[in-house]
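Reader: I am new to reading structures. Please take me through this one, term by term.

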Amino acid sequence: MATYKIVLFYGFTPLAAPESVRLWQQALGERWGLTGRVIVSKHGINATLGGTVENLKQYVRTTRQHPGFEDIDVKWSDGTGADFPRLSVKVRPELVSFGVPDEVEVDEHGVVGGGVHLSPDEVDALVAERDDVVFFDGRNAFEAAIGRFRGAVVPDVRTTRDFVDQIDSGRFDHLKDRPVVTYCTGGVRCEVLSAIMRKRGFEEVYQVDGGIVRYAEARGADGLWEGSLYVFDERRHVEFADDVVPLGSCVVCSAPAARYENCADASCKTLRLACAECTPVVMSQRCEVCVAERPESFVPRPTARAAASAPA
Ligand SMILES: [Zn+2]
Ligand SMILES: [Zn+2]
């Protein structure tokens with residue numbers, strides 16, 4: 001039986017012809033039967049792909065032959081073969097959408113002016129040595145709701161585009177002379193976020209090398225990471241140890257929960273946390289926003305209909 005894996009990687013390097021890189025990546029993905037998402041921009045490449053381990057290895061080996069991609073750090077995790085609905089390869093103005101494509105500067109060493117990369121050992125050493133270290137979550141607030149670094153500051157962002165406004169608002173100015181450790185899922189968002197923060201006067205900015213994935217895999221339940229890691233694929237969340245108590249709570253019964261379910265309205269993007277027991281209920285109901293805005297009619301999500309008729 002085939003073994004399915006997921007690879008997560010990014011590389012910041014100037015690309016003169018992003019469109020030709022897109023065509024090449026699309027062809028590679030199709031050739032090896034991969035699914036998932038690849039973003040290409042003038043700043044490099046960012047990818048999350050699933051497939052068989054053999055095919056992914058061929059894909060990674062070929063991708064590394066491209067100038068600037070030789071040293072790409074690839075993170076591997078277990079997949080099911082059905083983690084992504086399709087293959088999507090796109091050219092975008094930014095690898096991650098902070099809304100500042102012209103502010104980010106990239107050279108052959110990566111993002112110019114980014115935070116210092118810290119390995120898991122270096123993260124722990126910094127926190128042990130200094131009592132004013134602050135973790136800064138570089139993700140959306142709903143991701144941090146189920147897992148985050150101990151004591152982390154979680155900005156009130158719905159999408160990555162909200163970060164610049166949040167930082168410019170001055171609400172984090174009191175952190176400007178403290179050691180700030182930014183972190184995100186696999187590290188790509190903090191490559192940009194840490195540069196944005198340094199440019200705005202944060203004096204000592206770090207980033208967790210390889211992100212939460214690298215740190216939590218090294219530490220399991222024994223480190224400074226607490227709870228579950230949200231992921232944007234069918235796995236929904238990843239655990240790094242047995243018996244992790246989720247930091248989130250079920251919208252119905254308040255029990256600890258780590259799994260987000262969609263609102264039952266097909267046109268709504270609201271995600272709500274549900275414990276295993278309440279999942280069928282949450283999937284079959286609409287969120288408060290929908291009910292308030294469209295009290296009469298709505299188009300149910302196909303999965304919501306299935307959940308509603310399933311035995312609870
Ligand atoms: Zn519940
Ligand atoms: Zn809704």
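Reader: What share of the 312 residues of the protein chain counts as buried?

Author: The share is 50%. Buried means under 20% relative accessible area, exposed means over 50%, and partly exposed lies in between (1.4 Å probe, protein chains only). A word on the source: this is a predicted model, where local features need pLDDT of at least 70, side-chain atom pairs count only at pLDDT 80 or more, and totals for chains, interfaces and linings use all residues. Residues are numbered from 1 along each chain as its sequence is written, chains are lettered from A and ligands numbered from 1 in the order in which they are written, and side-chain values use heavy atoms, with hydrogens and water left out.

Reader: Which residues coordinate the zinc ion (ligand 2)?

Author: Cys263, Cys268, Cys287 and Cys290 do, each through SG, at 2.2 to 2.4 Å. Donors are N, O and S atoms within 2.8 Å of the metal (3.2 Å for Na, K and Ca); water is not among the atoms, so sites may look incomplete. In sequence the donor residues are spaced C-x4-C-x18-C-x2-C. Cys268 and Cys287 link distant parts of the chain, 19 residues apart. Cys268 sits in the loop between strand E18 and strand E19, Cys287 in the loop between helix H8 and helix H9.

Reader: What makes the arrangement around the zinc ion (ligand 2) tetrahedral?

Author: Four donors count as tetrahedral if all angles lie between 85 and 135 degrees. Here the 4 donor atoms subtend 99 to 117°, so the arrangement is tetrahedral.

Reader: Why does Cys287 count as buried?

Author: Its relative accessibility is 3%, so Cys287 falls under the cut-off and is buried. Cys268 is buried as well, at 10%.

Reader: How many aromatic pairs are there?

Author: The count comes to 15. Rings of Phe, Tyr and Trp (its six-membered ring) pair if their centres lie within 6.5 Å; planes under 30 degrees apart are stacked, over 60 edge-to-face, and the rest tilted.

Reader: Why is the pair of Phe136 and Phe172 called edge-to-face?

Author: The planes of Phe136 and Phe172 stand at 85°, and the centres are 5.1 Å apart. That angle of 85° makes the pair edge-to-face. Phe136 lies in strand E9 and Phe172 in the loop between helix H5 and strand E11, so the pair ties together parts 36 residues apart in sequence.

Reader: Is Phe136 buried or exposed?

Author: Phe136 has 0% relative accessibility, so it is buried. Phe172 is buried too, at 8%.

Reader: What does Ser194 touch?

Author: Contact means heavy atoms within 4.5 Å. Ser194 touches Gly113, Gly114, Gly115, Thr182, Val205 and Gln207, not counting residues up to four places away in sequence. Ser194 lies in helix H6. Its relative accessible area is 0%, so Ser194 is buried.

Methods: Tetrahedral: all angles 85-135°; square planar, octahedral: opposite > 155°, others 65-115°. Helix = DSSP H or I, 4+ residues; strand = E, 2+ residues; numbered from the N terminus.
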